[in-house]
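Hello,

Here is the structure I promised to pass on to you. Please have a look at it first, and then read my notes below.

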Amino acid sequence: MVALVGNPNAGKSALFNALTGARQKVGNYPGVTVERKAGRMSLPDGRPIELIDLPGTYSLEPASPDEQVTRDVLFGRQEGERLPGAIVVVVDATNLDNHLRFALQLIRLGLPVVVALNMIDMAERDGLTIDAAKLSAELGVPVIPTVAVRKRGIDELKAAMAGMIGDGSVRKIAAESDVVHEDIVVLQRRARAIAIAATREEQGARRWSHRIDAVALHPVGGPLLMAAILFVMFQAVFAWAQAPMDAITAVFDTIGKWVQTELPGGFLRNLLTEGVIKGTGAVIVFLPQILILFFFILLLEATGYMVRAAFMMDRVMARVGLSGRAFIPLLSSFACAVPGIMATRTIDDPRDRLTTILIAPLTTCSARLPVYTLIIGACIPARKVLPGIGLQGLVLFGLYVLGTVGALAAAWVLRKTVTKGPSQGFMMEMPKYQMPSFRDVGLGLWTRCLIFLKRAGTIILLSNVILWVLASYPVAPAGQKQTEYSIAGRIASVIEVVVKPIGFNHNIALALPPAMAAREVAVSALATTYAIDAGSSAGNDAAEAKTDEALGSKLKVDWPLPTALAFLMWFVFAPQCLSTIAVTRRETNGWKWPAFMVGYLFVLAYAAAGATFWIATWAGL
Amino acid sequence: MRLDQLPLNRPARVSAIAWGELADTAARRLRELGLDEGVMVEALHVAPFGKDPIACRVGRMTVALRRAQAHAISVEALAA
């Protein structure tokens, strides 16, 4: 097994992709929440090896959980991982004096080392010529120039790796205390000396990254550009996702109808159509929005722009006690809080990280959209407020703003109370701008897709099946409403007592528990409750035939406006879906914080919905 | 002069770093990002909102840090 190690931004992931192609597998290290990225590759002589991509870190003294994993793997201490047989240290040729420091530390470990001198094309563009042979002589290990994103130098690298592995020599593994605590300053000076010796700089090197930043970080132009980029992102999510989502819904409807006709009626057929197919559909229909948003996020990260966005947002984040590092996880949470919360692993300060996890569900995730669209479409009049701006669109935008403001306000309160502590500041390397490699973005997207399907998918599917069982059994005798007789119905009756003061009726109470499986399930749950009541004992057929418009007109009649508004407000803060709770439990290693999160969100939702209901009622709406 | 007071685009050299003024983790991160006495620095950009944080060239890297932290770094501007 060979491990890829190096500073962040050295291009490790691109090199990993170049070496393994699509033969990658993402799993988990036992006991920690860090992803294990592994792949297979073959050496020139045909020997297969496993390659793992370790989280980027600046030194062997770890700051965050993923940096800790890197250290533990290199010392053979990580549970579930053997000691690497060799390591490939990836260094950025344009940043030698900094990257070599870590390389020196790694060489001291005593494992066989090959250095991949990556991004030499960018070094050439910067006017730097690096003597790889000289570098190799100074370091005492092979140095192979590479351009990972263009797959240059890969064959030479594989050859060098073959030379390092399995040559039978046993090197002395250095004691941990020696390596980790060696003075960084001393190492840095030696690294700088080596870098100077091996580099020849030409005059007039172009500082093009700096020039792009003059625009991207301009006092006026910068925020405008960022706002424009964000606007395009969200517009794309809305516009591009609609067609695939409709197609997916149509596919699942067709499958459902086919099962309906092919199988004899009874438990199995109902389980399949109502539970499994509906449940799987509820997960898959999510994918277009998540993939589109993540495509943009990964693209922006690959170009290096994301760090600039975090840089600009840091001040806003600092006001509520967070840092710019929280920007990307929160942005991801607009697609789905599950990958957003997982993205908080890059935040080193544990209190910062916890706060970000706790507020992530408040961002308006894409699952809330079907609920918002349904209620707004049904209950908010389609009036024009200003030329070109409709009331409905304004309310939707307002809900988005409310979610974001709510998240920031919650962070502020949390940082003053529950996660109180000094701020860690914001220190980040700003890498040079790069042309994104679409292959790498594609692979990243594929990985995210699989992770989402595994994490959220299993929970959503399982919950849908369980909820269907609870809603369909016991079967109500004639004359009784199924929605009150079933187990789910009885639970809803209990809930109804609690939520009646804020204007919710029995059908809403019935839809709230399913909404925990996946928020957009609230829509189908509402449809089902109204259909089950209205239809005959063959309630399932009626439920399938209902369209959103039909449901909408029913709600318009059944719900007074204050109730509709209260319902919307509830969803802004809603105690969130089981998938988010599950991922929070994993990321915080316990039940305490997920329970706290559910609790405080419930209180907020109840208070906000209640206030909205009573104010709207008092205002005579 | 401190790094947070350095005018933009004026090359300077780090003369001293008040490590004691920084939290341990911040100090270590600064070292890891290459900050050391004698290193060439240059303030390049300030963030649009509130002029904080700032982006500086440190050696060959560009590093973003908050003014409160940059304050711990004493610099000497190089002769023009």
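**Where the two chains meet**

The contact draws on 30 residues of chain A and 30 residues of chain B (two residues are in contact if their C-beta atoms, placed from the backbone, lie within 7 Å). On the side of chain A that touches chain B, the elements giving two or more residues are helix 3 (96-108), helix 8 (184-198), helix 9 (208-216), helix 10 (221-262), helix 13 (305-319) and strand 12 (427-430) of chain A. Helices (H or I, at least four residues) and strands (E, at least two) are DSSP runs, numbered from the N terminus. Helix 13 of chain A gives the most to this side, with five residues. Sorted by class, the side of chain A that touches chain B holds 15 nonpolar, nine polar and six charged residues. Here Ala, Val, Leu, Ile, Met, Phe, Trp, Tyr, Cys and Pro count as nonpolar, Asp, Glu, Lys and Arg as charged, and the others, Gly among them, as polar.

**Before you read on**

This is a predicted model, in which local features need pLDDT of at least 70 and side-chain atom pairs count only at pLDDT 80 or more, while totals for chains, interfaces and linings use all residues. Residues are numbered from 1 along each chain as its sequence is written, and chains are lettered from A and ligands numbered from 1 in the order in which they are written. The predictor gives the complex an ipTM of 0.93 and a pTM of 0.83. Chain B has a mean pLDDT of 87, with 99% of its residues at 70 or more (pLDDT is the predictor's confidence in each residue, from 0 to 100).

An open sheet of six strands has the order 12(A)-4(B)-3(B)-2(B)-1(B)-5(B), and its pairing is antiparallel (two strands pair if DSSP finds at least two bridges between them). Strand 12 of chain A and strand 5 (73-77) of chain B stand at the edges, each with a single partner strand, so one side of each has no neighbour in the sheet. On average, neighbouring strands of this sheet are turned by 40° against each other, direction ignored. Axes are lines fitted to C-alpha atoms, for helices over the stretch in contact, and angles run from 0 to 180 degrees between N-to-C directions.

The link between the chains is made by four bridges from strand 12 of chain A to strand 4 (residues 61-65) of chain B, which run antiparallel. Met428(A) has Ala64(B) as its bridge partner there. Within chain B, five bridges join strand 3 (residues 54-58) to strand 4, again antiparallel, and Arg57(B) stands opposite Thr62(B). Helix 13 of chain A packs on the sheet and touches strand 12 of chain A together with strand 3 and strand 4 of chain B; its direction makes about 145° with that of strand 12 of chain A.

**A sheet within chain A**

Seven strands of chain A form an open sheet in the order 2-3-4-1-5-6-8, with mixed pairing. Its edge strands are strand 2 and strand 8 (143-145) of chain A, each pairing on one side only. From one strand to the next, the twist averages 25°.

- Strand 2 (residues 24-28) and strand 3 (residues 35-42) of chain A run antiparallel, joined by five bridges. They form a hairpin with six residues between them, and Gly31(A) in the turn has a positive phi of about 85°.
- Strand 3 and strand 4 (residues 48-53) of chain A pair in the antiparallel sense over six bridges; Arg40(A) has Glu50(A) as its bridge partner.
- Strand 1 (residues 2-6) and strand 4 of chain A run parallel, with three bridges.

Helix 3 of chain A lies across strand 1, strand 5 (86-92) and strand 6 (113-118) of chain A, running at about 165° to strand 5 of chain A.

**Helix 26 of chain A and a packing partner**

The axes of helix 17 (residues 368-379) and helix 26 of chain A come within 10 Å and cross at roughly 165°. That makes helix 17 of chain A roughly antiparallel to helix 26 of chain A (angles under 35 degrees count as roughly parallel, over 145 as roughly antiparallel, 65 to 115 as roughly perpendicular and the rest as oblique). The residues of this contact divide into nine nonpolar, no polar and one charged.

Best wishes
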